Amino acid sequence: MTFNDIFKSSFLENVTSVSVLDMTLTLLLAFALGLFIYYVYKKTFSGVMYSASFGVTLIALTMITALVILAVTSNVVLSLGMVGALSIVRFRTAIKEPLDIAFLFWSIAVGIVLAAGLIPLAVFGSAVIGIVLIVFVNKKSYTNPYIVVLQCEDHDSEVQAKEYLDQRTKRCVVKSKSAQKGLIELNLEIRLKEDNTDFINELADMQKVHSAVLVSYNGDYMG
């Protein structure tokens, strides 16, 4: 092997395997579609605490996936090595919202499709997915549930409070009940007839009712 043979390696040949135009166009489209995914994520977020870093991750993930797939499609040998390298990667971050998984797969899929050269599919598919998510996630087809934490003195006051809630709400179901001497605590799931919550004040003023607390929840925190 001579000194010139070193510079005839496949490494230098791979430098021009992907053109500058392809790289620029792919990364710009990946950035644009990543921004669109980030916008849809902001519009459809309904969790407890919004994470701006997760939105930025969606943009970066789209671009990184496009970059990796662009390299893989340019070299068959590299694609086999990439599969082996990525197979040892493990992610330990917990996904708090089930819908976040859909956004992660969406970003990865867009990056793969763009790098494969299927630009119309990536753009049209992202538009359809975004519209579907905005329409269905923001659509409320149910009444928000509430939990009433009720503390009363005896069985008679418990029955009276339960009957009162049955009259003032659409639905009232006992979720849990704990009893000790001189105190009964109930957790009841209710659905309001209207937005007025003044009934909880009247409930707390009943005889032998020690306290009444109204808590809103979306169904993910309590079973």
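**Reading the model**

Modeller: Start with N201, which is found in helix 9 (residues 199-204). Helices are DSSP runs of H or I with at least four residues, strands are runs of E with at least two, and both are numbered from the N terminus. This is a predicted model, in which local features need pLDDT of at least 70 and side-chain atom pairs count only at pLDDT 80 or more, while totals for chains, interfaces and linings use all residues. Residues are numbered from 1 along each chain as its sequence is written, and side-chain values use heavy atoms, with hydrogens and water left out.

Biologist: Does N201 count as buried, partly exposed or exposed, and what is its relative accessibility?

Modeller: Buried means under 20% relative accessible area, exposed over 50%, and partly exposed in between, with a 1.4 Å probe and protein chains only. N201 counts as partly exposed because its relative accessibility is 45%.

Biologist: Where does Q207 lie?

Modeller: Q207 is in the loop between helix 9 and strand 4. At 69% relative accessibility, Q207 counts as exposed. Sequence separation and spatial distance are read side by side here: Q207 and E153 are 54 residues apart in sequence, with 8.9 Å from C-alpha to C-alpha.

Biologist: How many helices and strands does the chain have?

Modeller: The secondary structure comes to 9 helices and 4 strands. Along the sequence the pattern reads α-α-α-α-α-α-α-β-α-β-β-α-β. Of the 223 residues of the chain, 27% count as buried. For contacts, the criterion is heavy atoms within 4.5 Å. Among contacts between residues at least 6 apart in sequence, 71% join residues at least 24 apart.

Biologist: In what order do the strands form the sheet?

Modeller: Two strands pair if DSSP finds at least two bridges between them. Here 4 strands form an open sheet in the order 2-3-1-4, with antiparallel pairing. Strand 2 (169-180) and strand 4 (209-216) stand at the edges; each has a single partner strand, so one side of each is left without a neighbour in the sheet. From one strand to the next, the twist averages 20 degrees.

Biologist: How many bridges join strand 2 to strand 3?

Modeller: Strand 2 and strand 3 (residues 183-192) run antiparallel and are joined by 10 bridges. V173 stands opposite E189 in strand 3. Helix 8 (residues 155-168) packs on the sheet and touches strand 1 (145-152), strand 2 and strand 3. The direction of helix 8 makes about 160 degrees with that of strand 2.

Biologist: At what angle do helix 3 and helix 6 pack?

Modeller: Axes are lines fitted to C-alpha atoms, for helices over the stretch in contact, and angles run from 0 to 180 degrees between N-to-C directions. Helix 3 (residues 20-44) and helix 6 (residues 98-115) pack at about 165 degrees, with their axes 10 Å apart. That makes helix 3 roughly antiparallel to helix 6, the label for angles over 145 degrees; under 35 is roughly parallel, 65 to 115 roughly perpendicular and the rest oblique.

Biologist: Is the crossing of helix 6 and helix 7 left-handed or right-handed?

Modeller: A crossing is left-handed if the near helix is turned anticlockwise from the far one by less than a right angle, and right-handed if clockwise. The crossing of helix 6 and helix 7 is left-handed, whereas helix 3 passes helix 6 in a right-handed crossing. Helix 6 and helix 7 (residues 119-137) pack at about 165 degrees, their axes 9 Å apart, and are therefore roughly antiparallel to each other.

Biologist: Which residues of helix 6 and helix 7 meet?

Modeller: L99, F103, W106, V110, V113 and L114 in helix 6 meet I119, L121, A122, S126, I129, G130, L133 and V137 in helix 7. By class, this contact has 12 nonpolar, 2 polar and no charged residues. Ala, Val, Leu, Ile, Met, Phe, Trp, Tyr, Cys and Pro count as nonpolar, Asp, Glu, Lys and Arg as charged, and the others, Gly among them, as polar.

Biologist: And which residues of helix 3 and helix 6 meet?

Modeller: From helix 3, T26, L29, A30, L33, F36, I37, V40, Y41 and T44 meet L99, D100, F103, W106, S107, V110, L114 and A115 in helix 6. The residues of this contact divide into 13 nonpolar, 3 polar and 1 charged.

Biologist: Is T26 buried or exposed?

Modeller: T26 is buried, with a relative accessible area of 9%. Leaving aside neighbours within four places in sequence, T26 is in contact with A66, L70, L114 and A115. S107, in helix 6, counts as buried at 0% relative accessibility. With neighbours within four places in sequence again left aside, S107 is in contact with I37, L58, L61 and T62.
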